[in-house]
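User: I am new to this structure and would like to know what the terms used for it rest on. Please set each value against its definition.

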Amino acid sequence: MKKSSLIVIAITLCFLQSIAFAQDKDKLIYYVGVGPTIDGNGGLLGVNISNELSFALGKRSSLNPSLTYYQSIGYWDEDERNKQDNSSGLFTNVTFKYDVLKTKNDFRAFLAFGPSFQIGSENGYGGSYLIYNDIENYYVHQYTVERYIRLGYTQQIAFDWKNKNENRRNSAVVSMSSFGGYWPWYLMATYRMGFRLK
């Protein structure tokens with residue numbers, strides 16, 4: 001699994017590099033953003049910070065490698081959950097994005113899909129048991145730690161609109177990343193600022 005994942009990443013990077021040299025400079029946009037995240041497996045809330053390069057492949061499509069960091073911050077019902085539960089991850093995605101709507105005001109809606117590679121971990125409360133001895137009785141609390149190096153997929157709905165500055169773009173993305181047959185494992189909503197690279 002590890003070797004095949006590294007091979008996929010290496011091939012993808014070589015492919016993206018060749019595309020980058022073939023692109024016109026005005027067709028390359030760099031996005032940076034931040035937003036909330038839900039870890040659907042553990043029910044944790046968190047934040048994500050994302051970076052993405054968008055390579056135009058035509059008038060309505062693009063290839064988009066991205067790097068996103070996610071960190072949990074807690075639960076909705078903090079009083080009823082263990083405060084030491086935690087999850088985090090670094091995601092590398094490569095999506096093919098297609099423009100499904102474009103208005104006269106240059107508002108665009110996109111659908112995107114592609115592979116997602118995650119390096120991350122989560123820890124949680126695993127239960128307690130009571131120890132009996134001659135001096136005292138006490139509880140031992142168990143915590144589980146699970147580390148991930150895995151390949152899954154991501155689906156996205158993206159909205160893009162013009163900024164007052166012609167070299168900037170405003171963008172909002174809702175992404176759903178799935179691993180191990182669980183959909184969606186992570187649900188992310190991100191507001192982004194795009195920069196046309198010249």
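Analyst: One definition comes first: Asp, Glu, Lys and Arg count as charged, Ala, Val, Leu, Ile, Met, Phe, Trp, Tyr, Cys and Pro as nonpolar, and the others, Gly among them, as polar. On that division, the lining of the largest pocket has 11 charged, 4 polar and 4 nonpolar residues. The model is a predicted one.

User: What makes a residue part of the lining of the largest pocket, and which lie nearest its centre?

Analyst: A lining residue has an atom within 4 Å of a point of the pocket. For the largest pocket 19 residues line it, and I29, A56, K59, R108 and R196 lie nearest its centre. The space in this pocket comes to about 390 Å³.

User: Which strands supply the lining of the largest pocket?

Analyst: At least two residues each come from β1 (28–39), β2 (44–56), β3 (61–74), β4 (86–102) and β5 (108–132). The most comes from β4, with 3 residues.

User: What does the pair of F91 and Y186 tie together?

Analyst: F91 belongs to strand β4 and Y186 to strand β8 (residues 182–196), so the pair ties together parts that are 95 residues apart in sequence. Both residues also belong to one aromatic cluster, formed by Y70, F91, Y148, F179, Y182, W185 and Y186.

User: How do you know whether F91 and Y186 are buried or exposed?

Analyst: Buried means under 20% relative accessible area. F91 has 1% relative accessibility and therefore counts as buried. Y186, at 0%, counts as buried too.

User: Why is β3 described as largely enclosed by the rest of the structure?

Analyst: Of the 14 residues of β3, 10 are buried, and the description follows from that count.

User: What makes R150 a charge over the ring of W185?

Analyst: For Arg, CZ has to be within 6 Å of the ring centre and within 35 degrees of the ring normal. The charged end of R150 is 4.1 Å from the centre of the W185 ring, over which it sits. Another case is R192, which lies over the face of Y31 at 4.1 Å from the ring centre.

User: What other strands pair with β1, and with how many bridges?

Analyst: β8 does, running antiparallel to β1 with 9 bridges. V32 has M193 in β8 as its bridge partner.

User: What joins β3 to its partners β2 and β4?

Analyst: Between β2 and β3 there are 10 bridges, in antiparallel strands, and S50 has T68 in β3 as its bridge partner. A hairpin of 4 residues also joins β2 to β3. Between β3 and β4, again antiparallel, there are 11 bridges, and L67 stands opposite T92 in β4.

Notes:
Residues are numbered from 1 along each chain as its sequence is written. This is a predicted model: local features need pLDDT of at least 70, side-chain atom pairs count only at pLDDT 80 or more; totals for chains, interfaces and linings use all residues. Side-chain values use heavy atoms; hydrogens and water are left out. On a 1 Å grid over the protein atoms alone, a cavity is a set of points where a 1.4 Å probe fits but cannot get out, and a pocket is an open set with protein on both sides within 12 Å along at least five of seven lines; lining residues have an atom within 4 Å of a point. Grid points are joined across faces, edges and corners, and a volume is the space filled by probe spheres set on the points. Buried means under 20% relative accessible area, exposed over 50%, partly exposed in between (1.4 Å probe, protein chains only). Rings of Phe, Tyr and Trp (its six-membered ring) pair if their centres lie within 6.5 Å; planes under 30 degrees apart count as stacked, over 60 as edge-to-face and the rest as tilted. Two strands pair if DSSP finds at least two bridges between them.
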